[in-house]
Amino acid sequence: MSFTEIVFYAFSAIMVVAALGVISARNPVHSALSLVLTFFATAAIWMLLEAEFLAITLVLVYVGAVMVLFLFVVMMLDINITQMRAGFMRFLPFGILVALILAVQMILVVGPANFGLDVAGFASPVEHAADYSNTKELGRVLYTDYVFPFEIAAVILLVAIVAAISLTMRRRPQTKYQTPGKQVMVKKEDRLRIIKMQTEEKQ
Amino acid sequence: MIESMMSFVMPIWEWLPMWIQVLVTNVFFIVIIMVPLMLSVAYVTYAERKIIGYMQVRIGPNRVGPRGWLQPIADAVKLMFKEIIIPTNSNRFLFLFAPMLSMGPALAAWAVIPFADNIQLADVNAGLLYILAMTSMGVYGVIIAGWASNSKYAMLGALRSAAQVVAYEIAMGFALVGVLMAGGSLNLGDIIDKQAGGFFNWFWLPLLPLMVVYFISGVAETNRAPFDVAEGESEIVAGFHVDYSGMAFAVFFLAEYANIIMIAALTSLLFFGGWMSPFGSYADVPLLGNGFHWFVIKTMFFIYMFLWIRATFPRYRYDQIMRLGWKVFIPVTIVWIFVEAVMAVMQIGPWAV
Amino acid sequence: MLENYLPVLIFMCVGLITGLVMILLGGFILAPRKPNAEKNSPYECGFEAFEDARLKFDIRYYLVAILFIIFDLEIAFLFPWAIVLEDIGIFGITAMGIFLGILVIGFIYEWKKGALEWE
């Protein structure tokens with residue numbers, strides 16, 4: 001077994017164990033952290049596929065941003081764990097059924113045959129020299145050949161911005177905002193009034 | 001003597017399996033990076049107390065050793081022998097895990113820093129992206145610490161810090177895009193090579209607004225004054241690490257200072273030519289020419305800036321911090337990226353690629 | 001390419017192990033451990049905490065986190081663009097111009113809606 005294979009199996013094992021941890025941990029924060037570990041192991045495996053840009057972006061976007069939101073949510077929503085776990089056995093068969101259907105669908109859709117790959121065994125990616133820049137290759141096609149999907153991504157992100165704001169914006173009427181522009185523009189004359197008054201006599 | 005030792009050691013070394021050899025060499029180099037880093041962290045704390053002391057017309061630490069030079073060592077020894085108090089209501093595992101989470105990324109980011117020409121532990125292509133990913137992971141230590149302590153101050157500190165770090169990370173990312181456009185590569189070594197030719201060829205000149213945005217965002221990212229609402233003493237005691245004591249606190253402290261040195265080093269690498277000499281025409285002369293010492297001098301200067309800023313400015317209010325991050329820095333960086341892109345394509349001025 | 005990432009992986013492990021060793025060394029080997037109820041109570045101003053510290057907080061923090069994800073993705077799209085700018089020229093700039101233009105509309109929207117306001 002070559003060293004790369006050892007690394008591959010090590011990270012795959014970490015990934016599977018961490019993914020199981022996500023669904024089995026009792027504490028929601030623990031399962032969120034397991035998910036972080038899962039993403040991390042996935043990034044390492046992508047790295048083995050020589051997709052360095054995607055691997056690091058996975059860490060940057062999912063671990064660095066998405067999971068922070070997840071942690072915010074699971075930490076602060078008072079989730080009643082016992083209530084959540086009630087009826088676990090009752091729904092288990094149904095859950096397994098759904099999981100099976102999902103698994104079958106995914107195998108059908110993302111199976112190797114759909115991408116023209118050899119079904120008998122995946123070909124490992126061509127090894128590149130040390131100065132090969134995966135990011136440059138990606139950039140050259142992303143903004144030219146795939147420019148329409150790229151612009152559609154912008155529209156999807158715009159929809160996400162609008163949706164996030166319209167779902168979560170609640171302006172409480174009694175809150176008072178400061179307008180920094182006004183604060184800066186304030187002059188002495190607006191605030192300060194100098195009154196002439198007589199000196200008081202000493203008694 | 002040395003030869004006889006070598007002749008004794010070499011056969012054993014060659015007898016070891018390949019992977020142990022690789023591991024040992026790598027760990028050896030990592031130790032070479034980490035030990036000076038730890039020492040710098042210790043002496044940055046000393047420098048901070050001393051410099052801010054003089055700025056405030058007092059002396060600063062001067063009791064331990066001559067002129068207080070042994071102060072950081074004494075601090076470290078003291079922290080080592082202090083009990084780590086684990087609060088009753090806290091989540092034990094996460095409480096102890098949080099400091100490690102902030103330490104790991106803070107150190108790991110140093111793997112790709114080029115210290116001098118071709119002196120670099122890992123010469124990876126996506127170096128800058130890797131550093132951005134590592135710095136974005138630093139926020140976990142803070143959030144987990146705040147939650148695991150189960151104390152209101154810690155929780156509030158963690159929340160404030162997370163929202164602030166997140167806002168400035170975007171400004172930082174946009175500023176880095178400008179650097180990438182000028183450098184044409186994600187590889188830190190290539191970015192420095194592009195800045196060859198002396199003081200006026202460094203990127204600070206064409207990217208001046210981005211440099212300012214980057215450095216200020218760096219100050220905000222590391223939760224330093226004047227952006228230190230996460231640990232505003234007068235409001236929430238010490239923020240996310242109120243409940244930490246002894247070595248657990250020390251690890252947070254080390255991570256914070258390692259991050260400060262990191263930001264200073266990155267500013268010097270990305271905008272001030274790293275190990276390039278400011279006198280372009282003397283590039284091959286020793287001492288005046290390129291070399292590791294220039295990198296150290298520039299990094300020290302930016303660390304000094306951190307301390308100077310801390311001594312000068314009063315703390316921002318939280319809404320001012322968020323306003324600066326979202327409403328000032330992001331528009332500035334977006335506009336400058338546009339200006340730079342158009343200039344680069346039209347081949348105008350210093351922006352011409 | 002992969003061999004360049006091996007030191008990075010080892011460095012990450014060493015970083016985590018350093019943190020672990022420091023805490024073990026400091027907390028469980030060198031330092032004393034004499035817990036008592038008062039010492040281990042969470043930090044409060046001298047009285048017992050009234051309630052659990054894990055309180056619900058302002059929804060604004062979620063909004064900031066969501067907006068952060070979106071902008072982070074934008075940065076992820078900008079990175080490869082910035083380094084291939086020479087190769088893709090005017091076409092690339094126009095493509096990114098449209099992309100950023102759409103997102104600047106979103107940014108203006110959130111600004112005008114007051115999503116970036118903190119009191």
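Asn134(A) lies in helix H6 (residues 134–142) of chain A; helices here are DSSP runs of H or I with at least four residues, numbered from the N terminus. The model is a predicted one, in which local features need pLDDT of at least 70 and side-chain atom pairs count only at pLDDT 80 or more, while totals for chains, interfaces and linings use all residues. Residues are numbered from 1 along each chain as its sequence is written, and chains are lettered from A and ligands numbered from 1 in the order in which they are written.

Asn134(A) is buried, because 22 other C-beta atoms lie within 10 Å (20 or more make a residue buried, 12 or fewer exposed, and counts in between partly exposed, with C-beta atoms placed from the backbone). Beyond its neighbours within four places in sequence, Asn134(A) is in contact with Glu50(A), Ala51(A), Glu52(A) and Phe53(A); contact here asks for C-beta atoms, placed from the backbone, within 7 Å. Glu50(A) is 84 residues away from Asn134(A) in sequence, yet their C-alpha atoms are 7.6 Å apart.

Turning to chains B and C, 67 residues of chain B are in contact with 54 residues of chain C. On the side of chain B that touches chain C, H6(B) gives the largest share, 13 residues.

Terms used
Two residues are in contact if their C-beta atoms, placed from the backbone, lie within 7 Å. Helices (H or I, at least four residues) and strands (E, at least two) are DSSP runs, numbered from the N terminus.
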